[in-house]
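Dear colleague,

I am handing over the structure below, followed by my notes on what was found in it. Please read them with the model open beside you.

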Amino acid sequence: MLKFWKKKEEERKPEGESRKSERLENPDGTRPDADAAIPAESSAAADPTPDSRPLTTERKPSWRDRLAGSVFNRDVRTLFSRKPKLDDALLDELETVLIGADVGVAASTELVEALRRRMHKREFADADALLAALRADLIALLQPVARPLHIDTAKRPFVLLMVGVNGVGKTTTIGKLARRFQHDERSVLLAAGDTFRAAAVEQLKTWGERNNVAVIAQGSGADSASVIFDALQSARSRGIDVLIADTAGRLHTQTGLMDELAKIRRVLGKLDPDAPHEVLLVIDGTTGQNAVNQVRQFRAAIGVTGLVVTKLDGSAKGGVVFALAREFGLPIRYVGLGETAEDLRVFDAAAFVDALLPQSIGTVSEN
Ligand SMILES: Nc1nc2c(ncn2[C@@H]2O[C@H](COP(=O)(O)OP(=O)(O)OP(=O)(O)O)[C@@H](O)[C@H]2O)c(=O)[nH]1
Ligand SMILES: [Mg+2]
């Protein structure tokens with residue numbers, strides 16, 4: 001009874017918050033970090049009951065741990081660690097650094113010109129004050145898009161369609177999300193809508209097995225829309241909370257394949273006119289400015305309601321998130337900071353910006 005009441009309470013909150021408050025208190029009354037409670041890979045596979053799963057005791061890598069290797073972080077740190085003079089040349093260099101880190105020409109120029117105006121009005125005492133102002137401006141650029149996914153429980157099942165170009169991390173993100181939703185005590189079903197490759201179905205099934213989540217699939221070569229339609233019917237009859245549908249990777253320039261996405265929407269609409277309730281476009285964070293074209297094309301083909309930017313760890317330059325925020329204003333629901341389940345984070349503008357900038361703005365210390 002208590003559990004039921006607790007769940008109802010949780011349903012009123014956005015997805016990110018829900019997880020945080022469900023994170024329970026540690027025995028000593030402290031609250032663990034929002035994402036830290038996702039169980040380690042092996043423990044979830046061994047124990048399907050969310051309530052009884054142990055919380056991971058390992059320290060989860062911080063945003064900074066994951067993003068410290070980015071070009072953004074490296075170049076801004078290099079620029080400011082030599083205690084530069086506050087002048088136009090510094091701003092020119094900063095603009096070059098931002099463009100080089102994938103922030104995009106338009107966003108970089110706007111950011112730098114705003115700082116330049118303030119510098120000429122003598123608002124900054126030194127370069128560190130300028131860096132602090134940059135931090136605030138970067139956060140302000142991202143704050144409007146840091147809107148967590150809200151699972152509307154009036155839509156049952158809530159249908160989430162995952163789209164994107166080849167190899168960006170769609171299927172992996174589905175596995176991570178299935179884990180996350182289950183941890184929130186939501187029942188999940190997966191639809192193997194990538195019928196292009198047999199291996200794609202197997203990959204999804206593996207994630208399903210790990211999380212004890214059923215996967216609806218047909219043979220490879222089946223019609224993607226019909227697989228997802230079947231899965232929606234099945235999710236309804238099973239009283240499932242969230243249906244996540246995978247799709248094949250497709251180049252945003254391949255018209256035929258893009259039309260297939262419109263067909264999926266049409267077919268789902270026969271069962272539920274509002275489905276899919278969320279279309280998540282997955283963007284590979286290492287893609288650079290091509291990400292902007294991808295968003296434009298997928299938006300036109302199927303209508304995108306949220307973004308997931310993956311692979312921001314590793315070789316990503318880090319800045320593409322700013323370019324996307326400025327260009328589209330689409331919510332960034334999650335970011336992928338690595339390959340494991342706990343590396344999918346609810347997007348947090350301040351945590352992200354701080355991880356890209358020198359650790360202590362004002363004293364300029366090493367990360
Ligand atoms: N480093 C890192 N790797 C990731 C992340 N997300 C996914 N990957 C890796 O990216 C590779 C491709 O992931 P998939 O999930 O198969 O990508 P996909 O979009 O489903 O690919 P297709 O179905 O072929 O279009 C895998 O090796 C993943 O482990 C991330 O956030 N960081
Ligand atoms: Mg895939």
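In β6, Ile283 has Val309 as its bridge partner, and strand β5 (residues 278–284) is joined to strand β6 (residues 306–310) by 5 bridges, the two strands running parallel. Helices (H or I, at least four residues) and strands (E, at least two) are DSSP runs numbered from the N terminus, and two strands pair if DSSP finds at least two bridges between them.

Please keep in mind that this is a predicted model, in which local features need pLDDT of at least 70 and side-chain atom pairs count only at pLDDT 80 or more, while totals for chains, interfaces and linings use all residues. Residues are numbered from 1 along each chain as its sequence is written, and chains are lettered from A and ligands numbered from 1 in the order in which they are written.

The open sheet is formed by 8 strands in the order β3-β2-β4-β1-β5-β6-β7-β8, with mixed pairing. Its edge strands, each pairing on one side only, are β3 (214–216) and β8 (344–346). Helix α11 (residues 224–238) lies across β1 (158–163), β2 (188–191), β3 and β4 (242–245), and runs at about 165° to β2; axes here are lines fitted to C-alpha atoms, for helices over the stretch in contact, and angles run from 0 to 180 degrees between N-to-C directions.

Turning to the helix pairs, the axes of α7 (residues 105–120) and α8 (residues 127–142) come within 11 Å and cross at roughly 135°. The two helices are therefore oblique to each other (angles under 35 degrees count as roughly parallel, over 145 as roughly antiparallel, 65 to 115 as roughly perpendicular and the rest as oblique). Leu111, Ala114, Leu115, Arg118 and Met119 in α7 meet Leu130, Ala133, Leu134 and Asp137 in α8, where contact requires C-beta atoms, placed from the backbone, to lie within 7 Å. By class, this contact of α7 with α8 has 7 nonpolar, no polar and 2 charged residues (Ala, Val, Leu, Ile, Met, Phe, Trp, Tyr, Cys and Pro count as nonpolar, Asp, Glu, Lys and Arg as charged, and the others, Gly among them, as polar).

Finally, ligand 1 is surrounded by 20 residues, of which Gly169, Thr171, Thr172, Gly249 and Gly336 are the closest; a residue is near a molecule if its C-beta atom, placed from the backbone, lies within 6 Å of it. This shell divides into 3 nonpolar, 11 polar and 6 charged residues, and its largest share, 3 residues, comes from helix α9 (residues 170–183).

With best regards

Technical notes: Contact = placed C-beta atoms within 7 Å.
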